[in-house]
Each structure stands twice: as C-alpha cells, then as structure tokens.
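Thanks for coming. I will go through one structure today, and I will start with a question about it.

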Amino acid sequence: VPNNMKGKKLEGLIHVSDWFTTILTLAGADYKNTESDEVSKGLPAVDGINMWPYLTGAVQSSPRIEIPLSSSHSAIYRNSKSQFGPSAYINGEYKLVRFDQPYAIWMGPVYPNSSTTHKDEPTFTGCGSQGCLFNIFEDPGEHTDLCSQLPDTCAKLRAAAEKWDGQSIEVGRPAGWRGTLNKTRYCQQADLNGGFWGPYES
C-alpha cells in the first residue's frame, strides 16, 4: 500500500469474500465466474468487491454498504424456541438481528476466561421476526434496540434481510444436503489434523 496509507485506520465495511476478489484482481486473474461449473449448477457468481482502491486511498469510502451475516435458514440452536435460525444483516451503520440469537450476552475484553462456566449459555435474544436494530458505530456493544425509534430504517433492513434469505444456499439445496453427523468420522478427522477439526464427509 502507499506510504500515506500505512498505519491508517479504515472504518468502512469489508467482508471476507472481498479479499478473494481483491487478491485475484491484484494477481491479474478474472474472478467473474459467470460461465463456470459452479454457476451452471445454480450457485451465484462471486459477490466479493475489489477493495484495493479503498485500501490504497484512491477512494475515500468502502464500496461495500451491506453484509448479510446469516439467514433465517441458518441452523437452529438447541433450546431455541424459534422455528427459524438466527439472522443478522448489516447495512451501513445499522445491524438488524432477527429470531433467537445464541450467546446474546455481553462479554468481557477477554472471553472465555478462567471464570467462564458456560452454565448460562446459550442465552437468546427475543428479537423475533421484526428484529432488533442497532447502530453498530455508536453502540458497538448492541445495547440499545432502535426499531421503535427508527421504524422506517428497521423495515428497510428487514426487507433487505428477507431478500437475502431467499438467496441462502439452504434454499437451493434439498433437505439433508449437508450430510449427517458421524461422530466417529468427526473424531478421526480431528486426529488426522493434529487435534483440529476440519472438513469431513459422512
């Protein structure tokens, strides 16, 4: 990066998928897999954004304005009373969370630590289908739900999140596409990885 950008803090949004696109662009590779086997099988094209202009200071703001973190088709946590999975969506300075969010607790700077018992976890929020709205720039700990104060913003993010729900990979795959849990294979794979869990097939 240019010398004038070294040590500079950028606060715009960047998603992990943007690194893929950015690195391929720097390498001179084409990341637009519009005619690839993946797209022909129904998967969406690469949606990462080239962040190099932002990282080098050629543009002043991040080109990414939204990050879908999870959809209502996500796995439902045990003890959850919701029929939908935990959903979270960021747009600009706002974040909307819907349904039961696990580990909805305020943690200390170092977590877990020697005093952590996990006996009260997971604790769920009660945001439901309407959702809880937070300004993550002014309230990064997500203490104050703004849905009642900003109903239009809440509705806007909810509509966007519901649109992303329809593009979730779970929507385009049959039930059980992730396979079934095989504890024996699970442990064997961890042994092969030197004690770390990794991809495995059942």
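Is the link of Cys127 and Cys132 left-handed or right-handed? Keep in mind as we go that this is a predicted model. The link is left-handed, with -110 degrees about the S-S bond. The sulfur atoms of Cys127 and Cys132 are 2.0 Å apart, and the two residues form a disulfide. Both ends are buried: Cys127 has a relative accessible area of 9%, and Cys132 has 11%.

A search of the whole structure finds two disulfides. The other joins Cys147 and Cys154, with sulfur atoms 1.9 Å apart. That link is right-handed, with 50 degrees about the S-S bond. Cys147 is buried at 4% relative accessible area, and Cys154 is buried at 2%. If you number the bonded cysteines in sequence order, the pairing reads 1-2, 3-4.

Next, the nonpolar cores. Cys147 and Cys154 both belong to the largest nonpolar core, which has nine residues. The largest share, three residues, comes from α4. Apart from this core lies another, of five residues, including Ala88, Cys127, Cys132 and Phe134.

Leaving out residues up to four places away in sequence, Leu133 touches Tyr94, Lys95 and Leu96, among others. Its contacts also include Leu146, Cys147, Cys154 and Leu157.

Now to α4 itself. How far apart are the end C-alpha atoms of α4? They are 21 Å apart, and this agrees with the 21 Å that its 15 residues should span at 1.5 Å a residue. Four residues of α4 are buried: Cys154, Leu157, Ala161 and Asp165. They sit on the same side of α4, because they cover an arc of only 90 degrees around the axis. On the other side of α4, Asp152, Lys156 and Lys163 are exposed. What do the buried residues of α4 pack against? Their partners are β2 (87-91), β3 and β4 (132-135).

That brings me to charged pairs. The structure holds four salt bridges, and I will show three of them.

One pairs Asp165 with Arg98, side chain to side chain, at 2.8 Å from N to O. Asp165 is in helix α4 and Arg98 is in strand β3, so this pair ties together parts that are 67 residues apart in sequence. Both partners are buried: Asp165 has a relative accessible area of 8%, and Arg98 has 2%.

Another is between Glu142 and Lys95, whose closest N and O atoms are 2.9 Å apart. Glu142 lies in the loop between β4 and α4, while Lys95 lies in strand β3, so the parts tied together here are 47 residues apart in sequence. Glu142 is partly exposed, at 22% relative accessible area. Lys95 has 15% relative accessibility, so it counts as buried, the cut-off being under 20%.

The last one I will show joins the side chains of Lys9 and Glu11, at 3.5 Å from N to O. Are these two residues buried or exposed? Lys9 is exposed, with a relative accessible area of 66%, and Glu11 counts as exposed at 52%.

That is what I had to show.

Key
Residues numbered from 1 in each chain as written. Predicted model: local features only at pLDDT ≥ 70, side-chain atom pairs only at ≥ 80, totals over all residues. Heavy atoms only, no water. Core = buried A, V, L, I, M, F, W, Y, C linked by side-chain atoms within 4.5 Å. Buried < 20%, exposed > 50% of the residue type's maximum accessible area, 1.4 Å probe, protein only. Helix = DSSP H or I, 4+ residues; strand = E, 2+ residues; numbered from the N terminus. Contact = heavy atoms within 4.5 Å. Expected span 1.5 Å × (residues − 1). Arc of directions from axis to C-beta. Disulfide = S-S within 2.5 Å.
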